[in-house]
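Work through the exercises below with the sequence and the 3D view side by side. Try each task before you read its solution.

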Amino acid sequence: MRNVERATAQVSVPGEMTLTTEPTDRPETLPSTAAPAVIRPGAITLARHGEPALSRKCLITSDQYRDWWGRYEVGGLRAGQTPPAALLSTAEGAGAIYCSTRPRAMETAQAVSAGREVMVDALFIEAPLPPPKFPTWFKLSPRFWGVVSRFWWHAFDHHDGQETRREAEARAEQAAQALIARAVTGQDVLVLAHGYFNHMVGKRLKAAGWRLVHNQGFKYWSQRRYEKR
């Protein structure tokens, strides 16, 4: 039962003790029975950055690919690109825009945000791609070294002292929960980041009850939109 504070008054009776009396109960103010307004969660869109400037048209060894990936991580976008109209529209309607701290992601955000605030966060950087050790005579293009390295990292947890698969999965869960916390306020959220880590975050969104409603795959400038079921 709810505790109700009640006022008291003291009355002095000559030759007798002081009595404490209580007034009659006043009617309580009943809480409103009107249903609170329901806020529909906004959508969460995970977009990949634009095309980087560093060329993939070469054949290199596994050691050379390690150096190539290091340069890729600090490089920006190829000049002369125009963001797709659909991504510009998503950015215009977003209540919050995030990007990773990598230059290619930040330049992508700059290209689509039209001067609006962008929250830059290392939480959204790509999962690492350390290649396995192969003989120097074995050469692949950076594209295929990325496939091999991702397989070794995912299947065998080959991390070469960098972030492990388990650590990246925990980071993806943290990222997904941060995005959900923003989206449930009713804002659409846009993330401009990286192909594989976006995939990892998308898996965590699905596990939390979010549905993939628009899928452009993982090509440059592509977007994947999730909505709460």
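**Exercise 1. Find the partner of a buried arginine.**
Task: Which side chain makes a polar contact with the side chain of R224? Then decide whether R224 is buried or exposed.

Solution. The model is a predicted one.
- Step 1: Look at the side chain of R224; a polar contact joins this side chain to that of N215, at 2.7 Å.
- Step 2: Place R224 in the fold. R224 sits in strand 8, residues 223-228.
- Step 3: Check burial. R224 is buried.
- Step 4: Look for a salt bridge. R224 has none, and the nearest side chain of opposite charge, E126, is 12 Å away. A salt bridge needs the nitrogen and oxygen within 4 Å.

**Exercise 2. Describe the largest cavity.**
Task: What is the volume of the largest cavity, and which residues line this cavity?

Solution. 
- Step 1: Count. There is one cavity of 30 Å³ or more.
- Step 2: Read the volume. The largest cavity has about 40 Å³.
- Step 3: List the lining. The residues are L46, A47, R48, G195, N198, G217, F218, S222 and R224. R224, the buried arginine of strand 8, is one of them.
- Step 4: Assign elements. Strand 3 (44-48) and helix 6 each supply at least two lining residues. Strand 3 gives the most, with three.
- Step 5: Sort by class. Three lining residues are nonpolar, four are polar and two are charged.

**Exercise 3. Describe the largest pocket.**
Task: Which helix supplies the largest share of the lining of the largest pocket?

Solution. 
- Step 1: Take the volume. The largest pocket has about 470 Å³.
- Step 2: Find the centre. The pocket has 20 lining residues, and R48, E126, L129, G146 and Y196 are the closest to the centre.
- Step 3: Compare elements. Helix 1 (62-74), helix 4 (142-156) and helix 6 (195-207) each supply at least two residues. Helix 4 supplies the largest share, five residues.
- Step 4: Sort by class. The lining has nine nonpolar, five polar and six charged residues.

**Exercise 4. Trace the salt bridges.**
Task: How many salt bridges does the structure hold? Where in the chain are the partners E51 and R78?

Solution. 
- Step 1: Side chains of opposite charge can pair when their charged atoms come close.
- Step 2: Take the total. The structure holds ten salt bridges.
- Step 3: Follow E51 and R78. Their closest N and O atoms are 3.3 Å apart. E51 is in the loop between strand 3 and helix 1, and R78 is in the loop between helix 1 and helix 2, 27 residues apart. E51 is partly exposed at 30% relative accessibility, and R78 is partly exposed at 38%.
- Step 4: Follow D160 and R66. They meet in a salt bridge at 3.5 Å, N to O. D160 is in the loop between helix 4 and helix 5 (165-183), R66 is in helix 1, and they are 94 residues apart.
- Step 5: Widen the view. D63, R66, K133 and D160 are linked in a network of salt bridges.
- Step 6: Follow E173 and R204. Their closest N and O atoms are 2.8 Å apart. E173 lies in helix 5 and R204 in helix 6, so the pair ties together parts 31 residues apart in sequence.

**Exercise 5. Classify a loop residue.**
Task: Is T82 buried or exposed?

Solution. 
- Step 1: Locate T82. This residue lies in the loop between helix 1 and helix 2 (85-93).
- Step 2: Apply the cut-off. Exposed means over 50% relative accessible area. T82 has 64%, so T82 is exposed.
- Step 3: Check the distance to G50. The C-alpha atoms of T82 and G50 are separated by 8.9 Å, and the two residues are 32 apart along the chain.

Conventions:
Residues numbered from 1 in each chain as written. Predicted model: local features only at pLDDT ≥ 70, side-chain atom pairs only at ≥ 80, totals over all residues. Heavy atoms only, no water. 1 Å grid on protein atoms, 1.4 Å probe; cavity = no way out; pocket = protein on both sides within 12 Å on 5 of 7 lines; lining within 4 Å. Points joined across faces, edges and corners; volume = space filled by probe spheres on them. Helix = DSSP H or I, 4+ residues; strand = E, 2+ residues; numbered from the N terminus. Nonpolar A, V, L, I, M, F, W, Y, C, P; charged D, E, K, R; others polar. Buried < 20%, exposed > 50% of the residue type's maximum accessible area, 1.4 Å probe, protein only. Lys, Arg positive; Asp, Glu negative; His and termini not counted. Polar contact = N/O pair within 3.5 Å; in protein donor to acceptor, adjacent residues only side chain to side chain.
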